[in-house]
Each structure stands twice: as structure tokens, then as C-alpha cells.
Amino acid sequence: MLVYIVQRLAIIALTLLVVSFGVFVVVHSLPGNAFISQRVHGRSLQILLHEYGLDQPVMVQYWHFLTGAIHGNLGVSLYIRGEQVTPLVLRELSVSCEVGGAALIVTIGMGVTFGVLAAIRQNTWVDYLLTSIAVVGYTVPSFVIAGLGIMIFADFLGTITGGAFAYSPVWTGTYGTIGELWLPALAIGFYTSGQITRITRASMLEVIQQDYIRTARAKGLRERVVTIRHALRNALVPVISILGTTVVGILVGVLVVENIFGIPGLGKEFVESITEHDYNVTVGVFTIFALLIGLSNLAVDLIYTLVDPRIRY
Amino acid sequence: MAITLTPETLEYAGGTLAREQVGLWRDGLRRLRRNRLALASAVYLGLLACTCLVSIFWTPYNPNLVNSCPTYAFPGTPGHPLGCDDLGRDLLSRLMVGSQVSLAVGLITAAIVMVLGVGIGLLIGYLRGVVDAIFALIINVFYGVPPLMIAIVLYVLLGPGLINIIIAIAATSWMDMARLVRGQTLSIREREFIEAARAGGARTGKILFGHIFPNALGPIIVQTTYVVPAAILTSAFFSFLGFGVPAPQADWGGMASEGFSPMIAGFDPYILLWPAIALSVTLLAFNFFGDGLRDAFDPRQRR
Amino acid sequence: MAGSMGDPVLEVRGLSTSFFTHDGEVKAVRDVSFDLAAGETLGIVGESGCGKSVTALSILGLLPRPGRVVAGEILFKGRDLLSIGREELRQIRGRDIAMIFQDPLSSLNPVLRVGFQVEEAMRAHDKVAAGEVSPRSLDLLQRVHVPDASRRMRNYPHQFSGGMRQRVMIAMGLSNRPEILIADEPTTALDVTVQAQILQLLRDLNRDLGTSIILITHNLGVVAGLCKRVIVMYAGEIVEEGSTEQIFDSPQHPYTWALLRSLPRVDADRHERLRSIEGLPPDLISPPMGCKFNPRCPFRLERCFSEDPELEPVGDGHTAACWVTMKRAYAEMGAGSLVDTRPGAASGVRPPMADAPLADTGGSQTVEPQANEHD
């Protein structure tokens, strides 16, 4: 087991290397530079470029980056003077994690609950309704849901209650309150929970047919115990296996949603850094994302062993 | 205990014993036709394709002409059934033209993904070994980062334009298809008729395309049908985040992005609404059709 | 039907169960009646699909979805299990009537520890005090001869062998000291040697605890090893009932007779081919008219095609549902010399041509006994 974890960490490190290098090279071949907005030309531009080390060959620059990164220093922002990339990225990471975490709760909560209910009430109106919601969820883009949500909860609700219960789609401060958080989380979660609902439902339906469910009933267990302790425990196994992809989906959702609601997280930073040609930041964002995904995939695989005792690494 | 069947026993046993044997394709098409949701989706997509073709030559108004109607006009304004946007451009015309981008991105990306994914998947599944190991490594790395981000960076690198959007999206979408085809190849190559073909002296290319590929065709087609809405969705995100086709070309994601502020400010939700509906319905249609295809050709189902 | 020991603890009266499928109503069990006395071991025998498992599932209300009991009464200690509420039935399951199933690997929850699953059976009811549950489950596992029980309690089902798993199932079933244990093909998925051990275990438990056992199987050898009384089912109906000796020594229904003939015998003539019953079980949606066995029966009268026989006594405590019965088949129809000599055929007995039924007189019509041809 320990060997397995070490192997996985090695792969993560390798991935980080490849990703950061790839992005670094690509990003430094992009046209334009970060100083355009400052209207610097000619000599002054050359001085600036030299100051930031941008006039050196790409490989040398990457080497500097790498040696710095191992110590946790991801460089300096090109756009905002003096801003260190690492603390910037870490701070925004925590904001994104807040949003992402909320979205994860919505995803799993909604997804599993809907899936279970749809399965035990198969082919009734409950099933059709929940399955339809799931299908709409994973088809419709998250910004549409966000837009609809704002339309309903900010405009419509605001109009009919005279402004009393309106949802304000503007994010104040660095971290959001529950009141501000729930709609972005829902916009992301609606999309990702759709897949979870489908898989949970399909998995439950299969599990309910199994012999050990019949045994559980024959033992005289209460129906709720049978459903949760026996059926769901087993049905969750395939759900856990797609948790990795779900996390990636949530991250994509975070990216989009942050740009809609103006949330100062990594997603917004990513788009900004590209538009402003602040490439050091772009590389930093990519690296953090890759690290996050790698670790969460590892966590998912480890959780797998807890749930299904037949799996051992 | 061997049981032999004689004609008399068949009669007396009552009821029918044998089911009508139908070919897989005919059976599948029959089931597909019975799936009303898939049929409705197909009809919608057909209409969409027609609208798209028509819009190449004609739209009610010039979609890029500013001030052809009062800005923020609501639907129902004479001559503009869907209203106008913040620059006074007719929304119906823009919606029609926007379908060109969506369909182009969706279909062309799917075609590229199919060619790339099938080609690479077949090769890897057949050759295995080192090639497979390299592929596994690439896959692992690609899955380590959200594909949307990579696609955006690629697009910025390539420069603006519809073709580049397609290239960027296709470059991050081919892996799933390759994985699927690889899996199919791995299992099909173990079957006896491949052994027979090899023994008969068939060349690798003939085996791959003449034998393995046709047998994997079912899942490939189904997966391709799912690539289309995924690509449209990604391109919508692109446009929404500001990386879409350059203005003034109308495209649904961009229209939605433009429509956000008037909607939030409260005075015109329709600029966002129409492209949002168009996107959602189109995506749903593709997904339902894909589901219908998958269910119809799943050999495990009997009804 | 005279009970052999004590009062009946279970009385099944006219039970009929059907499955309502897209293709029609599958009448899986039709008008089945029998008693189970306290401490008795009863075997229910028949081919796959004859309704024996469905009967058992009907007793405990465990029928899968399109199935439903359509008629009858199941009296357990005076109460009709088919008309009591769901909660009451739930309490009876596992506590008063327990059931164990055929495939112990798929019948145990793979993600829960074995000890937990045994304890769960007790915690679901209040018959065993909470503090006693753990020690009791250890005791049960030891009683069913699971070696190193205290350590193995913490193992998962996939870490046990087939025979061990079945022992665990038995321990689970008996944990609340039920009056009745229903065992649905408990040995079918096991090796022959393990089969014998499991049967021995059940025998001992019946003797020591006085639990009544209903054993469902298609294997006559298993029945002979454990049961005092036997019920033979075919196409959803009981065709014969009697003590084990009666059934084995003088089967009266042609199906039972054919089943016994089909058992390969070690002392058979080396040249004799294996015997089988020709034909297939009938379609339960639209079964044949008259006796359901008539397409495959070698001893048919005209009556067999039009009237479905009821169970009639053919001995002391022995009943069979047949217009002919083997007594008459031996005496008048030459059953004793029947061999099928078609080349390459399984040496069963071939029913005569459809349009030549035998007349219903005590006459000397015989089935065509072929010349006894050894290869």
C-alpha cells in the first residue's frame, strides 16, 4: 500500500513537471507581453524585459522557474509590480476551494439522494422527475443555470417581494458568505450532480437485484436499513470511481462560475492572466490545478479501499 | 441429463419456444424508431441543420448590422419577433447565424476526434507494448489538468478564428475516443477470426480496418454522437469567457455573455434567454439522440 | 395427510402464486397445500422452474417484483402470513421463520464483515438481549464448525470458501432460534464432499435444536440424506407426497418414477445408457390441458389429456396426483420392461404418438416395449 502511494506521488510530480514545462513553453511563445498596457517601448521595454529575465532563452527561464518552484517560489507577477505569485495563487486557491467544496457538497448530496430515490421508486413519477432533472443538469451549460438562477432569485424574487429577498449576485470580499455562496455552488453542482444521479440510480437498480439484499430482507431487517446499509454501501462503489472525473468537472465549473459572479479565485485569475499576458501567473495557476487534481485522484483511490474491502493495492 | 426435442414435444409444450432472429442493425433501427425522445431529437436536429443552411444565404436582417432596430427592443416589436440586443442587432438573425458556429464546431470536432481517436486507438490497441505505455503516460498527464484550460491556452497560442477553436477543442477531446477504441481493439483482437485472418496472411492494415474497426463501429458511433454536444458546450464556454470567434460573428456563447449584464441589471433578460434556450435544447437533443442510439444497439437488451 | 410428529407448525392451504409479466401471467405455483410438523424435516423436490423456490419465497413474502400471491392461506401458529401487516411479517422473518439461500457468495453482503452480518440478524429482533449478541454469534459460528471463529468473524465473505460461507449463512439463519428454517438449495453450489458436511450439520441442528427444516432441492440424493417426508412438485403443482421411504421405494407418480430412474447408479449394467425424461417442462403461461405431465408421460390415458388429476391417497400417508399411478402402469402397461432403443438416444422412455392415446379400460393395451437391444 505504501509503495502504491509513493508511486502515485511520483506520477503526480512527473505530471507537474510536464504540465508546468508545457505551459511555460507555450505561454512564452504567445504574442504580446505583459507590459503593453504600460505603454513601454524601445529601450525602456528592453530594460523591463531584462529585469524580469524575459530576454533569456526559454530553457534558462524554465530552469530558474523550476529551481524556484521546488522551494515554493513560483515567481513574480509580471503585471502587478512586486506581487509574488505563490501567495497570490495560494490565497485564490483557498477561495476556489471554498466554492469548489460547496459545489462538491451539492453535487454529492443532490446526486446520491436523487439517484437513490429514483432507484427505489423506479418507473414512478418520482423517478421520471429526478432523472429528467439529472439529464437537464449535465446537458445545460453552467452559465445558463447561473443565469437562470440569477434571473429567478435576483430579479424575479426581488420584484415580487419588493427587494426583500433578492439574491445579490455580486461577491463581496474575498470569502463568500453562505448567502453568496449557494447560487454559484448550485450552478456548478447542478451540472456535475447529473452524472452522479445517473450512475447512482443505475448502480442501485443493479444492487437491489442482488441476492444479498434478499438475504437482508429474509433476516427481517427494516426496509430503510436494507436500503442504506446494504444497498447503498454497495451501490456507491462505482460512484466513487467517477469521483475523480467529477472533481475535474467541478474545477471546470469553478473556472466558469468565478468569471460570472466575479469571485476572486483561481478561475478568474486564470482568465485574467491570459488576457493580460501575465504568464508567470498562468503557469502558477496551471501548476496548482494539476497538483490539486493529482492529489484528489489519489484521495479518491484511497477512499475506494475503505468502501470496498475487496480492493487492496 | 440430455433432453432431446422431438416435433411432438414441441407442440405439446405449449407456447412458442424460439424467438424471431433479427439482424443487429435492423433490430437496432427498429428500436430506435420506437424511442420517441430520440425521434423528436432527430427531428429537431434536422430542423436546426436546415436553419443553419438557410442562414448562410439569408436571414431576416443582417445579423451584424448595428441599429437595425431600437436597442434592447423586447420580443414582439414589429419585425423583430425575438427582440434586439444592446447594439440594435436583430436577435432572430443572430440566433440563426449562431447555429452555424455551433454546428460547425460540433460536427467538425467530432469528425476530427473520430479520425484521430480511432486511428490512434486502433494502433495502440493492436501494437501494445511500449506504444501503449507512452499513451498511458500521455493520458495520465492530460487528465491531470482540466481540458478546458489547456484548450484555452492552445487557442490563445494559435490565434483567433473558428478553425483554431476547433483545433484547440479537438486536441483535448480525442483521448476518450482513443481510450474507447483501444479497449475495443484489445478485446476484439483476441477473437478467433482475427487469428484466422492473420494465419491467412492478412496485413496489419487490413486486419485493423477490415476486421477490427467494423466490429467496434457500434460504440464508436455512439461515442462520436456524444462528442458533438461536448464540443458545442466547450465552445460555448470559450465564447462566454471571451475566447470565442472574433466579433462581429454571432455565436450562442458570445451572445449569452453579452446578455448577462442586461439581465443582471434587470432590464432585458431576452438577450441571454434565447441563446441559452438554443444551446440547451440543442445539447439535449444531441444527448437524447446519443442515448437512443446507445440503447438501440446495445446487444444485451431484448425488448 | 397425517402428521408424523407433533402438531403442524406451518399449514399451507391452496397457495397460488403468479408472476405478472409482459408476456402474460406465469402461474408459477398452483393450489399447493401441505403441513409441516414441529421438528420435522420436509423436502420439496422438482426440476428448475417447478415452483419450489417460489413456494418458499411466498411463505416469507420475499417474492421479486412482478410476483404476487393470488390465493391461499399460510398459517403459522394460527396466523395467516398472507394477511398480516408488513411490520408483523418483518418481525417473523429471521426470528421465527428463517431462510437460507443457494449461492452463499452472492447471498452475503460483500462489504460487511461476516461477524457483523450474523450479529445484525439478532439485533434486528429483540429475542436476544443486546449484550448477548456478540458472544452468541461467536458461539453460533463455532457450533457450525467454522474454525478459528473469533478471528474469522472479522473477515469478509470473499475470504471464506464456499462451504464455510454456507455455514455462516446457517449460523445467521439460526441465530434467533427460529421454529422453521427454510433452506433453498443450500448445497447446490458446493462440492460433493462439502455437501455431505452441510447436510450432516443440518441433521445435527434439527436433532439438537428441534428446528423444523424445509429443504428445497432438485437433487434426490440430498433429500434421502436429510428428510423424513418429501413433496414432489411439477409445473407449479404437487404431484406426489409421502415419507422418504415411500417415495424412494414405491413412487406412484410417473414423474417421480422417471426422476428416480434417471439417477445414475453405480451398480448399473455398464452398457446401459443414462436415462433422462424426454421433453421440456411446460410453458406456465399457457400450460397443456389436463395433466401437466402428459406431454412427457409414457403411461397416458385419454383422461390424462382432458382432466387435471387431484392428489389421491395411494398408501398410508402417501398421496399422488395421477389417473394411472405406477401400480397400474406396472401391472397393465408393462412399465417394468421399458427401454428406449433408438440408436444414439438417451435411454429414457419415449412417449407414444400423440394421436394414439390408450383407451381408459382395464384392458391389456401396452406401450410399445421394444426388443431389449444392447449394443
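Q: In what order do the four strands of the open sheet in chain C stand?
A: This is a predicted model. In chain C, four strands form an open sheet with antiparallel pairing. Strands S2 (24-37) and S5 (79-80) stand at its edges, each with a single partner strand, so one side of each is left without a neighbour in the sheet. The order is S2-S1-S4-S5.

Q: How many bridges join strand S1 of chain C to strand S4 of chain C?
A: S1 covers residues 8-21 and S4 covers residues 67-76 of chain C. The two run antiparallel. Phe19(C), for one, stands opposite Gly67(C) in S4(C). The number of bridges is eight.

Q: Which helix of chain C packs on the sheet?
A: This helix spans residues 52-60 and touches S1, S2 and S4 of chain C. Its direction makes about 75° with that of S2(C). The helix is H1.

Q: How far apart do the C-alpha centres of domain 1 and domain 2 of chain C lie?
A: Chain C is divided into three parts: domain 1 (1-96 + 178-249), domain 2 (110-175) and domain 3 (278-318 + 326-375). For domains 1 and 2 of chain C, the distance between C-alpha centres is 24 Å.

Q: Which helix gives the most to the side of domain 1 of chain C that touches domain 2 of chain C?
A: The contact takes 14 residues from domain 1 and 12 residues from domain 2 of chain C. The domain 1 side divides into nine nonpolar, four polar and one charged. Five of its residues come from one helix, residues 192-209 of chain C. That helix is H8.

Conventions:
Residues are numbered from 1 along each chain as its sequence is written. Chains are lettered from A and ligands numbered from 1 in the order in which they are written. This is a predicted model: local features need pLDDT of at least 70, side-chain atom pairs count only at pLDDT 80 or more; totals for chains, interfaces and linings use all residues. Two strands pair if DSSP finds at least two bridges between them. Two residues are in contact if their C-beta atoms, placed from the backbone, lie within 7 Å. Axes are lines fitted to C-alpha atoms, for helices over the stretch in contact, and angles run from 0 to 180 degrees between N-to-C directions. Domain bounds come from an automatic or database domain assignment. Ala, Val, Leu, Ile, Met, Phe, Trp, Tyr, Cys and Pro count as nonpolar, Asp, Glu, Lys and Arg as charged, and the others, Gly among them, as polar.
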